[in-house]
Amino acid sequence: MFIAHLLKIAPPPIFSHEPHPPLASQNSSTVLNELKCVVCSNIVTQPLELPCRKLACTRCVVERVAASSPVCPCCSEDSTLVPTGIRPAPNAIVILLKDVLVQCAECHRDVKAGCYEEHECTPSLTLVEEREAAALLKRAISTSPDQGIIQLPTGGTPMTFMHVTKARHPTSAACSRTVKTRCSEMQTARSIVSGGEPSDLMKKEVLTLSDEERKSLLQKAGITNVAIDSAQVLAIKAGLAIPWNKMRLLRRWLKTSGVSLAGEERMRHICRRIVGDNLKGEMALFSFPHTSGGEELRGAPLVYIPDLVQKVVDLLEENERTGRLTWHDGVIPVSEIWLKLGGDKGGGSFKMNFQIVNVAAPNSVHNTCVFCCFEAGDTVTNLHIALDRYKDQVTHLQGMKWRQYTLKLFMCGDYEFLTRMYGLSGANVRGQAPPRTFETICADHQHYIASGVGKKEAQHFYNCITEPIFNIPISQVCPPGLHITLGIFTKIYGLLEDQCHTFDLELAMYSREDAHSSFSTYSQVLQKLRMLQAELELAHKSYDALQQMATYASLVVGEKDPVTMDFFKQCEDKMTSLKQLETEVANCTATVKKGFSVKDGPFVKELDSALQSIGVHRQQYFGGAFIGNHVHKALKLSNIQTLCQSLIQTAQNRLPHRSTEIQHRTEILVNTFSLFARCHNIYDQNFINEAQTCALEQAIGQFMGFFRKSFPEATVPIKMHILEDHATPWANSTHVGFGLLGEQGAESIMPSLQDLAWHIQQLLTK
């Protein structure tokens, strides 16, 4: 019973009671002695507290009682181990047993008491063994060909040994030669540990330090200042539009944080070297529309680069020096440098620019150089005022030699800009115009001038009403791919939107919209008009019947008879109500004729929602025009399906009886979009081979044939004519797409200029 009682009150075992490795002396020897069993002198397991407050293992007490020796080994022999005097060890002792560190006399390692018996104890080497191991390692390292580094096999990952000189003095007190040796050893060790990437490991080591530790480390290393050179500071100044006085404040502030900027004089010198005298600004007379009609000349800012040839040469030399020139895998002949000129009107100003095509990203903003800019419209008059100064320079650039290369110029821009640059008033000509060249345009213009006729007769001279501004051959004018895409997509989307509006008009006769919109108002008025028209028709019939009865009564009983007079009174009342009804019908008819806002119709609303769901947005201004990048996204086949499926979904909810017809019309629109998307995917590339040119010709033919067949009443816009008549010949002659020589670069410069203008305006405001 006594033994059973001991086992019951004993705590659960923390570890087994196998023989302990011997304990070494410990600094906290008092604590260690308190945790020893008074019977076996080892760390106590399943501790019990004896009547004398000493600890003993449960097993030791049980064995002692079982041996009929119930005498406390710590006290006098008269004290016996009775059940009432033995208690479980206090909780503090149990917790301490789990966490206290003890040192193993065999392996000399510190382990927790709770894990003491479970740790793998490897006895320390004897003095003889240490000497033998040292001799072997020393011999291996001395004969190692790898700078004192050896690897020993272990059956798994090899162990690497490296000889490191024991430091006799701290690094701060060591001589330079010793410090150099230590740095070399640390670099070698870091290379081994990092797997051959010591720099990355060093970076990670620095990142593990706190900000204060890193700052202290840099100060101790003497690296307390970070210098930014002139070119980088100038790029910061230009990119953020910071004036010189603000740069001085920024320089002083950064200096307090250990960052120094290049001097202002050096930066101004670089500016003068880059710009020199090759940038001018003035107020010039430009043509503006007059409020009472006609045109008037007013002063407007004009900024331009006088020497365009020198600017082109400077940029070519810079690109050559930085290794950015490329010939696009032979698409551009190795003996030629291609240069394209383009213009764009936007934000109230016109920008004329050039781009070097022999770079990796010719349409990027960084490769676009604006050489003429004025705050006026891009009319023919204004273009001549600003650009006539470059006529001889452009002629000189065309075919100019630079190094061993010949320059070849191309022209790009939207349709309206190109027609003005070549002196054309439009595309409408009588009959079929012959293939045009720069020479035929000049000749037709001379005939037009000699004839003395006005603009109304210009079609007889193929609309060549002014002299071309630049002498660039027509064969080197790239069709406006971006505007072709925008124009044709807008045309097809307009047909889709018109179809939605047609269904909205039909839906208005049945709709019960409660929302306050022009569509709900139109729907309510339309339904009211139908009711009023029916009521008016019945009122007319009732009035005719009353009038006949009154006439008959006057013939039979006389006009003075009360019955006859009552009939005439009813006729007058009915006439009054008829006039009121006719007035209401007229008002409702006028409202219905006005219609409702297209965007308020349920079908059109769902179409707009589908447009936004694919991330395509229309501009708030410019008639809700699309953005070029958004149109590229909208022409993906999945997005085309999303747009057109909105019709079917709305029809199923609103006009279920017309679902079949609407689905048929939707399929036509899906096919129209898809056929055009196929054309776009080919001509929008940078390079087009012969197989792709044939595919483009076939795709354009299929698209135009399907469009004319499916929409016989629709007009064919000028962008479709350009696609049909000029895309394939261009691809055949140049083997490049609209993506390489198109007008995208000129269009993309506008946001950068607007951002710069905003910064300047903020500075002026402050």
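Q: Is D378 buried or exposed in this model?
A: In this predicted model, D378 counts as buried, because its relative accessibility is 14% and the cut-off for that class is under 20%.

Q: Which residue forms a salt bridge with D378, and how far apart are the closest N and O atoms?
A: The partner of D378 is R420, and the closest N and O atoms of the pair are 3.2 Å apart. R420, with a relative accessibility of 25%, counts as partly exposed.

Q: How many salt bridges does the structure hold?
A: There are 12 salt bridges in the structure, and the pair of D378 and R420 is one of them.

Q: Where in the structure are R268 and E264, and how are they separated?
A: Both residues lie in helix α11 (residues 264-275), and because they are four residues apart there, about one helical turn separates them. As for accessibility, E264 is buried at 16%, while R268 is partly exposed with a relative accessible area of 27%.

Q: Which residues are linked with R268 in a network of salt bridges?
A: The network links R268 with E264 and R248.

Q: What is the distance between the closest N and O atoms in the salt bridge of R298 with E296?
A: The closest N and O atoms of R298 and E296 are 2.6 Å apart. R298 is partly exposed, with a relative accessible area of 36%, and E296, at 26% relative accessibility, is likewise classed as partly exposed.

Q: What describes two packed helices?
A: Two packed helices are described by the angle between their axes together with the distance between those axes. In this structure, the axes of helix α6 (residues 176-193) and helix α7 (residues 198-207) come within 8 Å and cross at roughly 95°. The two helices α6 and α7 are therefore roughly perpendicular to each other, since angles of 65 to 115 degrees are placed in that class.

Definitions and conventions:
Residues numbered from 1 in each chain as written. Predicted model: local features only at pLDDT ≥ 70, side-chain atom pairs only at ≥ 80, totals over all residues. Heavy atoms only, no water. Salt bridge = Lys/Arg side-chain N within 4 Å of Asp/Glu carboxyl O. Buried < 20%, exposed > 50% of the residue type's maximum accessible area, 1.4 Å probe, protein only. Axes fitted to C-alpha atoms, helices over the stretch in contact; angles between N-to-C directions. Parallel < 35°, antiparallel > 145°, perpendicular 65-115°, else oblique.
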